[in-house]
Amino acid sequence: MDRRDFVESCALGAGALAATLAGPGWAATVVPRSYARTVLVDEYDRPILASRLKPKINYVFHYPFEATPVFLLELGKAAAPVALQTKDRQDYQWPGGVGPGRSIVAFSAICAHQLVYPTREVSFISFRKGPAVNPKTPSKGEDLIHCCADHSQYDPSRGAQVLGGPAEQPLCAVLLEHDPRNDQLTATGTLGGELFEAFFRKYEMKLSLEVGFHARNRVAARSTVRELERFCRNPVRC
Ligand code: FES
């Protein structure tokens, strides 16, 4: 079986699995969008090894554009496929985690409510190990992605499904491939409700100052992964 046959048979298999999970008559109306095949690398430009990722640490990289941040997480437990919907009630099948333990996931870090995102100066949205710490914003569970702007909470073990707050759809998933021969991770596309156009419209001026004229450039062969605490000076907790 050549590579194309393999990819197509995986796609067919995913479709069959989706129908099985969601029940008879279910059909995905949102299909994956392909972007560059981008190898995830560390700050020394060495490929990240999936088995070396620290569990429940909030990593950040940029994909599919130079200005669009993504959370990368090793959940410490397997994440199974989940049937989800966008706010336009379009169905899709999040494929679950990748890597040796099927526990590595990635999601756009642009909040699905009002597009809050992590910058180098401050981040109001992040993954929290354990429950949320502020008693005024009761946590809907443990190990969630929490946006402090208006307290949307997303479950990264279930495709970033919304558990609480005003967000109307899951965070857009970033699709990863894990190569067991070398343990490397490659981002290949997105799945779910993309908000990139709205993001670029809302923050055009801000992004031109933060990132420069190449904010809308697509990430190419490599993207650097950093822990959120190294990427952002003030990760806000709430
Ligand atoms: S912008 Fe994230 S909850 Fe409002």
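What follows is a walk from the overall make-up to single residues.

This is a predicted model, in which local features need pLDDT of at least 70, side-chain atom pairs count only at pLDDT 80 or more, and totals for chains, interfaces and linings use all residues. Residues are numbered from 1 along each chain as its sequence is written.

Start with the whole chain. The protein chain has 4 helices and 14 strands. Both are DSSP runs, numbered from the N terminus: helices are H or I with at least four residues, and strands are E with at least two. The chain has 238 residues, and 36% of them count as buried. A residue is buried if 20 or more other C-beta atoms lie within 10 Å of its own, exposed if 12 or fewer, and partly exposed in between; C-beta atoms are placed from the backbone. Now look at contacts, meaning pairs of residues whose C-beta atoms, placed from the backbone, lie within 7 Å. Take the contacts with a separation of 6 or more: 63% of them join residues 24 or more positions apart.

Next, find an open sheet. Its 4 strands have the order β7-β8-β9-β10, with antiparallel pairing. Strands of a sheet pair through backbone hydrogen bonds, either parallel or antiparallel. Here, two strands pair if DSSP finds at least two bridges between them. β7 and β8 (residues 144-147) pair in the antiparallel sense over 4 bridges. R128 stands opposite L144 in β8.

Now move to a hairpin. Strands β4 (residues 82-85) and β5 (residues 91-94) run antiparallel and are joined by 4 bridges. L84 stands opposite Y92 in β5. Between the strands of this hairpin are 5 residues, and R89 takes a positive phi near 60°.

Most residues other than glycine have a negative phi, and most peptide bonds are trans. Which other residues depart from this pattern? D45 has a positive phi near 65°. D45 lies in the loop between β1 (33-41) and β2. D45 counts as exposed, because it has 9 C-beta neighbours inside 10 Å. D143 has a positive phi near 55°, and sits in the loop between β7 and β8. With 19 C-beta neighbours inside 10 Å, D143 counts as partly exposed. The peptide bond from Y63 to P64 is cis, with omega near -5°. P64 is in the loop between β2 (59-62) and β3 (69-74).

Turn to the interior. A nonpolar core is a set of buried Ala, Val, Leu, Ile, Met, Phe, Trp, Tyr and Cys residues joined through C-beta atoms within 7 Å. The largest one has 52 residues, and V70, F71, A106, F107 and V174 have the most contacts inside it. Beyond its neighbours within four places in sequence, V174 is in contact with residues including Y63, V70 and A187.

Finish at C232, in the segment after α4 (228-231). C232 counts as buried, because it has 20 C-beta neighbours inside 10 Å. C232 and T119 are 113 residues apart in sequence, yet 6.2 Å apart in space, C-alpha to C-alpha.

Note on methods:
Contact = placed C-beta atoms within 7 Å.
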